Amino acid sequence: MKRVIIIMTLALCLALPGGAFAQRCLPGMRGIQVTGGMVDGIYSSRQDNKAGYYFGAAMATYAKNCNKWVFGVEFLERYHPYREIRLPVSQFTAEGGYYLNILSDGSKTFFLNLGGSALVGYETVNRGEKKLYDGSTLRDKDSFIGGGAVTLEVEAYLTDKVVLLVTGRERVLWGNSTGHFHAQFGIGIKFIIN
């Protein structure tokens, strides 16, 4: 009788499709993520290009229903053309936010998240240099900045511990003299650590 039960169990395992999936985005799980991408368009080295780049690192902690808290830091650099040079505007920001899972597949491999974040940081224009090569003086000042961001993010699990991220985000910051809105898009990778 034991032999028949074993044979029937093996036959059912081989005959029925499907698979076992690891438990993903459980409350309390944490991941370290690194992201990077473009700001306000596609970056190029042409002198009249205003676009820039960004990169950041964050810690994500999952809550109920695959929602998550995200805390991190980010560096953003955008350019302003001036005659035959480009003046860099750099922002160093810290972020704290909550991301809602708005769509996921049954196997918990792909997730679409919508997040809101608070941002605080510091902006520097031309790395603090006020005098330009032609004797002109910049009126834009280095300053502390604050505001928020809205993020649309796609997560795709490559393995149970490695996640590919594709992000689009709009930042709104006040306290600076070089523009309040910045659109970002990029990719990243997250490593689940527990």
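One definition before the residues: buried means under 20% relative accessible area, exposed means over 50%, and partly exposed is in between, with a 1.4 Å probe and protein chains only. This is a predicted model, in which local features need pLDDT of at least 70 and side-chain atom pairs count only at pLDDT 80 or more, while totals for chains, interfaces and linings use all residues. Residues are numbered from 1 along each chain as its sequence is written, and side-chain values use heavy atoms, with hydrogens and water left out.

Now the salt bridges. I call it a salt bridge when a side-chain nitrogen of Lys or Arg is within 4 Å of a carboxyl oxygen of Asp or Glu. By that rule there are 8 salt bridges.

Take D40 and R78, whose side chains form a salt bridge with N to O at 2.5 Å. D40 sits in the loop between β1 (30–39) and β2 (52–62) and R78 in strand β3 (residues 68–82), so this pair ties together parts 38 residues apart in sequence. Helices here are DSSP runs of H or I with at least four residues, strands are runs of E with at least two, and both are numbered from the N terminus. Is D40 buried, partly exposed or exposed? D40 has 27% relative accessibility, so it counts as partly exposed. R78, at 13%, counts as buried.

Next is K68 with E155, where the closest N and O atoms are 2.8 Å apart in a salt bridge. K68 belongs to strand β3 and E155 to strand β6 (residues 143–157), so the pair ties together parts that are 87 residues apart in sequence. Both residues, K68 and E155, are buried.

Where is A63 placed? A63 is in the loop between β2 and β3. Its relative accessible area is 16%, so A63 is buried. Beyond neighbours within four places in sequence, A63 is in contact (heavy atoms within 4.5 Å) with C25, P27, K68 and Y98.

Finally, the whole chain. The protein chain has 1 helix and 8 strands, in the order α-β-β-β-β-β-β-β-β along the sequence. Along the principal axes, the C-alpha atoms fill a box of roughly 95 × 30 × 25 Å. The radius of gyration, taken over C-alpha atoms, is 23 Å, whereas a compact globule of 194 residues would have one near 16 Å, by the rule of 2.2 Å times the number of residues to the power 0.38. Of the 194 residues, 40% are buried. Among contacts between residues at least 6 apart in sequence, 60% join residues at least 24 apart.
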